[in-house]
Amino acid sequence: MGFRLPGIRKASFGANQASSKAVDVPKGYLAVYVGEKMKRFVIPISYLNQPSFQDFLNQAEEEFGYEHPMGGLTIPCKEDEFLNVTSHLSDL
């Protein structure tokens, strides 16, 4: 059984799209790659203004640093930690 977070869009793409530099991200959204498998999520840029998301990014920077090899924000934390933070933001 799955669940849907209204503020986050799962971005699945095939091999031909993965090799393309221009992967569709709607205006007002940001691509974020999370976890060991670099699962791609598309989140509203308004999340960047939220104190809890800023705290999350600061903690990720302290623990992992930032690398952006895929053209989006890369956060190597566990997916469930990312979903926990963003699920609270989608309620706002």
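# A walk through the predicted fold

Let us start with strand E3, which is mostly covered: 5 of its 6 residues are buried. Buried here means under 20% relative accessible area, exposed means over 50%, and partly exposed lies in between (1.4 Å probe, protein chains only). Strands and helices are DSSP runs, numbered from the N terminus: a strand (E) needs at least two residues and a helix (H or I) at least four.

Before going further, a word on what you are looking at. This is a predicted model, in which local features need pLDDT of at least 70, side-chain atom pairs count only at pLDDT 80 or more, and totals for chains, interfaces and linings use all residues. Residues are numbered from 1 along each chain as its sequence is written, and side-chain values use heavy atoms, with hydrogens and water left out.

How far can you trust each part? The pLDDT is the predictor's confidence in each residue, from 0 to 100. The protein chain averages a pLDDT of 74, and 66% of the residues score at least 70. Among the elements of the protein chain, E3 has the highest mean pLDDT (92), while helix H1 (residues 15–18) has the lowest (40). Over residues 1–6 the pLDDT is below 50, and beyond near neighbours in sequence this stretch has 4 contacts in the model. Residues 12–22 also have a pLDDT below 50, with 4 contacts beyond near neighbours in sequence. A contact means heavy atoms within 4.5 Å. Where pLDDT is low, the predicted coordinates should not be read in detail.

Now back to E3 and its partner. Strands E2 and E3 pair in the antiparallel sense over 6 bridges; two strands pair if DSSP finds at least two bridges between them. To find a spot on this pairing, look for Tyr33, which stands opposite Arg40 in E3. The two strands form a hairpin with 4 residues between them, and Gly35 in the turn has a positive phi of about 85°. In the loop between E2 and E3 you will also find Lys37, which is exposed, with a relative accessible area of 77%. Lys37 and Lys78 are 41 residues apart in sequence and 9.7 Å apart in space, C-alpha to C-alpha.

Next, turn to helix H3 (residues 79–89). Its buried residues are Phe82, Val85, Thr86, Ser87 and Leu89. What covers them includes strand E2 (29–34), strand E3 (39–44) and helix H2 (51–64).

Which residues touch the most other members of the largest nonpolar core? A nonpolar core is a set of buried Ala, Val, Leu, Ile, Met, Phe, Trp, Tyr and Cys residues joined through side-chain atoms within 4.5 Å. Of the 15 residues in the largest one, Val32, Phe53, Phe56, Ile75 and Phe82 touch the most other members. E2, E3, H2, strand E4 (73–75) and H3 each supply at least two residues of this core. H2 gives the most, with 4 residues.

Let us look at the aromatic rings. Rings of Phe, Tyr and Trp (its six-membered ring) pair if their centres lie within 6.5 Å; planes under 30 degrees apart count as stacked, over 60 as edge-to-face and the rest as tilted. A search of the whole structure finds 4 aromatic pairs. The rings of Tyr47 and Phe53 have their centres 6.2 Å apart and their planes at 55°, so this pair is tilted. Tyr47 counts as buried because its relative accessibility is 4%, and Phe53 is buried at 0%. Phe56 and Phe82 form another tilted pair, 6.2 Å centre to centre with 50° between the planes. Phe56 lies in helix H2 and Phe82 in helix H3, so this pair ties together parts that are 26 residues apart in sequence. Both Phe56 and Phe82 are buried. Ring pairs link Phe41, Tyr47, Phe53, Phe56 and Phe82 into a cluster.

Finally, consider charge. A salt bridge is a side-chain nitrogen of Lys or Arg within 4 Å of a carboxyl oxygen of Asp or Glu, and by this rule the count comes to 1. The side chains of Lys39 and Glu79 meet in a salt bridge (3.7 Å, N to O). Lys39 lies in strand E3 and Glu79 in helix H3, so the pair ties together parts that are 40 residues apart in sequence. Lys39 is partly exposed at 31% relative accessibility, and Glu79 is partly exposed with a relative accessible area of 26%.
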